[in-house]
Amino acid sequence: MAENGEQKLIAVARHIANTLGHTDTMTDDILKIFSNFDGRLREKLTEKLSDEDPRDCATLERTLKSLDRQISHYVSSDQPIWSDSAESSSFLDSVDQLISAIRDWTQLADDKNIAACLDRAEDLLQQSMFRLEDEFRSLVERGAESFDLTRGESTHLDFSDEDDSGEEDGDDNEIPVAHPITDYNIIIDALPAGTIGDLQEIAKRMVAAGYGKECSHAYSTCRREFLEESLSRLGLQKLSIDEVQKLQWTHLEDEIEKWIKAINVALRILFPSERRLCDRVFLGFSSASDLSFMEVCRGSTIQLLNFADAVAIGSRAPERLFKVLDVYETVRDLLPEFELIFSDQYCMSLRNEAITIWKRLGEVIRGIFMELENLIRRDPAKAAVPGGGLHPITRYVMNYLRAASRSRQTLEQIFGESIAPPGSNVDYRKGDDRSLSSSLAVQMEWIMELLESNLEAKSKIYRDTALCSVFMMNNGRYIVQKVKDGELGALLGDDWIKKHNAKIRQYHVNYQRSSWSKVLGVLKVENNSMSPNGASKSLTDKLKLFYSYFEGICKTQSSWVIFDEQSRDELRSSVLGTLSPAYRNFIGRLQNAPDFGKYADRHIKYGVDDIEARINELFQGSGSSRSLLLAILMVMHKMLLEGMEVAKEHHGYGNVVVVKAVLVLAMEVTWCGKFGE
């Protein structure tokens, strides 16, 4: 009976303690009161209370009330919590307790009372997270500002001189211009170490509470502005693809130069620095770090890639090749950085986009070469170049290919394994001297085949077959010179050069045959049974015919031009090598003729030296070419004078007239074919 009475007493005391003791302190006070009556009663009550499950609704209610008072104090405060380290630590402790309570009591959420308490706890947690997000954003912004003030503008890639950063009387609205970057081995610590530590603590709580995305968004919003400002300081404009395509080519060339500098700084300095900062702020939370980095860099990366894409989908005019090559090489050289920096799941699309645009640029470059081929095919054979000189298309194509061959390694990569172009006369599948030929060499030779075919069609315009040979000799010689003097020679090889030198020699032979074979035929003297008077008469007639042919040739070919001095001397020597001996022999035969020799000088119009002097005057572009050039120069002189007068009246507008005049001069001089280079 005594034992039952004791149990009933303990049960009543326990009920009183649980009912009245809303906090641990009040429960303890009640136990003290009961223990004053009997010490054994306190021991029994303590033992019984410890046997009860502490996670009942009342306990959770007490915990929430306590945390609500603490957290509401901070949430409603108008002052930054992180301005006081003690306050921030206390707030984080309260948040930790709240997160822990929610985690522990969630297992009992089936109980309606506990579920209601958990709803209140979630609301309180949300308020806490909103305040932490605000504090996080403020820390990022204040940290960046204080870091700029203490470290100066030089922190941002030496965008302006350190001495200028301390000046107060400058224009605050002026954006500094970046200095050239030569060393990319730079990491920017954009936030102080203390600020990064505070951000780590906030990020840890927000991720633990399930607010990692909100934390990443707050971070990326602030840091994105830093990247955009950095690119702006590098001179890069925010241009859409349509805006890029509408730019004039000269302006686009300038923008490409700025873009190359900007994307190198972004991929080698800015993005790695942001990656490092994200990893430090979100230490231990790789997914949140990856998401934050993607959100920070995505806009700037798309801006950079869209510019390259706009260049890729623009015009494929041949003159754009070299700038497109610059863009291609820049993206190609930065692909390792894309692979390294954008390796996580969130950034994979950016990396893939960079690879896609790089491949598209390669397709564009191949398309530009196709357009060059079409340009050669479509170049009409209308007006003949005066004097059989160098055709403008030869000069253009060869200088173009010579400049392109300086990017030999890049072009080899672009063309890859190539087959013989359709219609080519060269069988590249044979295991001959072409077996080791590179794809670029195949492409270059194919273009020059097209050029030679085009020149052959143009040579048909000349009615004089000798002038046709001179035209092909001039252009062929220029082609070989351009190949020998640059990277094209190493690309095409010695065999190609030998083959085309042989063609030039054949043009040489064709010229001599068509121009001088008839003249030399007149000087031939045959031994026959003709009487002395008849023989003398025949020699005299032959001499008159020779002079007629010779003077006609000299008059006609005085306006012809051979631009290369060596070729000109070789051709003259070749003509003199056959003509001078034949003429000397003919004159000697005439002077020794019976009953005629003493009168021979009356019929001899030119001595051998005179013949040689006339031959040495050929191929200098005199006659009609000089007259044309003189007329052009007179027109140019008038245009230049007009331009100077306009410049005086309209300040500089005359420069446009002058430039146009110079362009006209350059075009006309080129068509005259007198000057080689």
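Predicted model: local features only at pLDDT ≥ 70, side-chain atom pairs only at ≥ 80, totals over all residues.
Residues are numbered from 1 along each chain as its sequence is written. Local features need pLDDT of at least 70 and side-chain atom pairs pLDDT 80 or more, totals for chains, interfaces and linings use all residues, and side-chain values use heavy atoms, with hydrogens and water left out.

Biologist: How many helices and strands does the chain have?
Modeller: Helices (H or I, at least four residues) and strands (E, at least two) are DSSP runs, numbered from the N terminus. By this rule the secondary structure comes to 25 helices and 0 strands.

Biologist: In which helix is confidence highest?
Modeller: The predictor's confidence in each residue is pLDDT, from 0 to 100. Its mean over the chain is 78. Confidence is lowest in helix α7 (residues 162-165), at a mean of 40, whereas the highest, at 95, belongs to helix α13 (residues 321-341).

Biologist: Is R275 buried or exposed?
Modeller: R275 lies in helix α11 (residues 249-281). Buried means under 20% relative accessible area, exposed over 50%, and partly exposed in between (1.4 Å probe, protein chains only). Because its relative accessibility is 16%, R275 counts as buried.

Biologist: Which side chain makes a polar contact of 2.8 Å with the side chain of R275?
Modeller: A polar contact is a pair of N or O atoms within 3.5 Å; within protein, one must be able to donate a hydrogen and the other to accept it, and residues adjacent in sequence count only if both atoms are side-chain atoms. The side chains of R275 and D279 are joined by such a contact at 3.0 Å. The 2.8 Å contact of R275 is with the side chain of S289.
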